[in-house]
Amino acid sequence: MPYDPLSDDQREIRELVRSLARERIAPRAAEIDKSAKFPWDMVELLREHELFGLPYEERFGGTGTGALMVLVAVEEMSKVCATTGLILAVQELGSLGLKLAGSEEQKQRYLPRLASGEWLAAYALTEPGSGSDSAAMRTEARREGDVYVLNGSKRFITNAGVASLYTVFAKTDTSDKHGGISAFVVESDTPGFEVGRIEPKMGIKGSTTGEIFFDDCRVPAENLLGEEGEGFRIAMRILDRSRPGIGAQGLGLAQGATDYALDYAKSRETMGRPIAQHQLIAGMLADMETKCEAARGLLYKVGLMIDEDAPDEDLTKISAMAKLFCTDVAMEVTSDAVQVLGGYGYIQEYPVERMMRDAKITQIYEGTNQIQRLVIAREMLRENRSFLLSGVA
Ligand SMILES: Cc1cc2nc3c(=O)[nH]c(=O)nc-3n(C[C@H](O)[C@H](O)[C@H](O)COP(=O)(O)OP(=O)(O)OC[C@H]3O[C@@H](n4cnc5c(N)ncnc54)[C@H](O)[C@@H]3O)c2cc1C
């Protein structure tokens, strides 16, 4: 039995998501990948079953079932289609700014439309010249009376062109690297906001990844999140809570690939027996399953910590660890699944080929896995860990 700290209510929701994944999402996954078109039918499916409500409190029209439940839902969907799992993960990513730093009025105005799925959300931090070094951003926001005038551009924005609400980071003080950044909510129909090129990609092909431009884009001052200069801190607090969502996408891919490889290995025969009975294949399957279970333990731990309102300083390291571990496992395990299927794993008729391509991005976005390692090491160095050596010398 996989690790399962869910309540009875949460298990019921997981059952619903599992059956939707099996019956409605899995049959669409190959076509979504092939067409590389944003799957509005999957958005409709999530709307119909009120799954967009998972990241939100009941008073905003959500289910109030907490962060762990969101992770489990993303995992279940990503077992069969990582593009669909990402739709829910990015709905949370794009609205965490409002949840963490929004005023009551801002929350009332926007969260119900996100909880119903009427609006999709996006998170716009990365720019052509600033990815890992996000504070090097150049987009500016200049205050003019009761508006901020935004100029600049963002690149690689998930949900570009399909989102109605963007959480955007821009410099209100260009002389200050981290402290000069502010966060805004920008509606997609704001004059001066434009979507540019949508990138063709290796995987998660149904998800849009694109450029957005701000050309004298006049955003109401009331759309500032928190105070001027708090943007970098808000961006990092968001990532502490959203990176596990990418971990969940990775874990879903890894478990989906393991399950598929296991089934295949039971029926494919060589040298007179199912390949699952050859010890080298059995050993691979055992390693794949073990990595998934270890990843799940770490991931669900973060989900529980978020639900228990763990302080930021406790979340940063474990959240980075969960993202790092789950997504490295995703890449290793999906690659092993291709190997278990032999030549069939490499052709597009079998889903593990897609899963391996989809897995790669999980090691890159929401902070590359090199950056996660830097974050974890930085947090370790901050801790008082020298006692082992204190008696020596
Ligand atoms: C499909 C897709 C979807 C995305 N969605 C979003 C989104 O919705 N919103 C958003 O804001 N961004 C998004 N991104 C951007 C993504 O988060 C960045 O691409 C990522 O953070 C890396 O930035 P970069 O591409 O500029 O790489 P760089 O920062 O140029 O890094 C290049 C390489 O150097 C390594 N590196 C950089 N600095 C260091 C260092 N100090 N030490 C060690 N190694 C280092 C990196 O790990 C990487 O391997 C998306 C990207 C893609 C491809």
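Which polar backbone atom is 2.8 Å from a nitrogen atom of the ligand? In this predicted model, that atom belongs to Phe156. The model counts local features only at pLDDT of at least 70 and side-chain atom pairs only at pLDDT 80 or more, while totals for chains, interfaces and linings use all residues. Residues are numbered from 1 along each chain as its sequence is written, and side-chain values use heavy atoms, with hydrogens and water left out.

A polar side-chain atom of Ser132 lies 2.6 Å from one oxygen atom, and an N or O atom in the side chain of Gln370 is 3.0 Å from an oxygen atom of the ligand. The protein covers 65% of the 970 Å² of accessible area that the ligand has on its own (Shrake-Rupley method, 1.4 Å probe).

Let us now look at the surroundings. The ligand is surrounded by 17 residues, the closest being Thr126, Ser132, Phe156, Thr158 and Thr368; a residue is near the ligand if one of its heavy atoms lies within 4 Å of it. Strand E3 (147-158) and helix H10 (369-382) each supply at least two residues of this shell, with E3 giving the most, three residues. Helices here are DSSP runs of at least four residues, and strands of at least two.

Glu75 counts as buried because its relative accessibility is 1%, buried meaning under 20%. Its side chain makes a polar contact with the side chain of Tyr300 at 2.6 Å. Such a contact is a pair of N or O atoms within 3.5 Å, where, within protein, one must be able to donate a hydrogen and the other to accept it, and residues adjacent in sequence count only if both atoms are side-chain atoms.

Technical notes
Buried < 20%, exposed > 50% of the residue type's maximum accessible area, 1.4 Å probe, protein only.
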